[in-house]
Amino acid sequence: MKRLQPFIHYSTFALGLILVCSFISERNQAAAAERPWKVRAYIQKHDFLAEALHQETGIPKAIIYAVAGLESDWGRSELAKHANNHFGIKSKPEWRGLEYCKPTQEYNGQQMVTQNDCFRKYPLIRRSYEDFGDFLMQSERYAILKTLEANDYTGWTDAIQSGGYATDPEYAHKLRGIIWRYRLTQIP
C-alpha cells in the first residue's frame, strides 16, 4: 500500500489539474460564444496582429481590441474598408503617408459636430496595428501608459482619453463598456 501512495497522490493531482484546465477552457469558450458574430470574427481574423502588438509594446490585447472595435466597428467601417485604418488615427502635418478624407463626427465640448477630416491610410492592416502601437507608446501624451499594469483597464482607458485620443467625452467609458460586455480580458 505504501508503494501505491505516491502514485495515488500524483494521479489525484493530475486529475485535479485536468479538471481545472477543462473548466477554464469551457469558461473561455462560453465567453467567446456570448460575443456577437462580428466581434468573434474580428478577433479570430486579427488575433495574430493583436498578439504581435501586445508582445512588442505591452499594450493589453483587451485595449487593442476595444479601440479597434470602437473605431472600426469591428473592421466594418468605411475607414477600415477603404484605408485599412482600424484605430481612427488622423493624419496630421507630420504624417508622410497616404490619407483618406471623409466627414466625421467630433465633439466640440459636449456638442457633436460633423466636419471633414483626413485619416491615415495604410497599404496593409498590419501597418495600422503597428502605427497604433507607435502612436501610443512613442508619444509624450501617453507616457503614463508605460507605468500602468496590464490589467489596469480603467487606468489605460482614462489615460488614452486624457491624452486626447478622441474628442468624445465618454470615450474611456465606452472602451471599458466594450471590454466588459465582450469579455475581452478573457482572450488569451
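**Around helix H6**

H6 itself spans residues 153-162, and its buried residues are Gly 155, Trp 156, Thr 157, Ala 159 and Ile 160. After H6 comes Gly 164, whose phi is positive, near 90 degrees.

The model is a predicted one. Its secondary structure comes to seven helices and two strands. Read from the N terminus, the elements follow the order α-α-α-α-β-β-α-α-α. The protein has 188 residues, and 38% of them are buried. Among contacts with a separation of 6 or more, 54% are between residues 24 or more positions apart. The accessible surface comes to about 11,500 Å², and carbon and sulfur atoms account for 55% of that surface.

Two packed helices are described by the angle between their axes and the distance between the axes. For H3 (residues 61-72) and H7 (residues 171-181), the angle is about 110 degrees and the axes lie 9 Å apart. Angles of 65 to 115 degrees count as roughly perpendicular, so H3 is roughly perpendicular to H7. Their crossing is right-handed.

On the H3 side, the contact is made by Ala 62, Ile 63, Ala 66, Val 67, Leu 70 and Glu 71. H7 contributes Tyr 171, Lys 174, Leu 175, Ile 178 and Ile 179. Sorted by class, the contact of H3 with H7 has nine nonpolar residues, two charged residues and no polar ones.

Note on methods
Residues numbered from 1 in each chain as written. Predicted model: local features only at pLDDT ≥ 70, side-chain atom pairs only at ≥ 80, totals over all residues. Heavy atoms only, no water. Axes fitted to C-alpha atoms, helices over the stretch in contact; angles between N-to-C directions. Helix = DSSP H or I, 4+ residues; strand = E, 2+ residues; numbered from the N terminus. Parallel < 35°, antiparallel > 145°, perpendicular 65-115°, else oblique. Left-handed = near helix turned anticlockwise from the far one by under 90°. Contact = heavy atoms within 4.5 Å. Nonpolar A, V, L, I, M, F, W, Y, C, P; charged D, E, K, R; others polar. Buried < 20%, exposed > 50% of the residue type's maximum accessible area, 1.4 Å probe, protein only. Areas by Shrake-Rupley, 256 points an atom, 1.4 Å probe, with all protein chains shown as cover.
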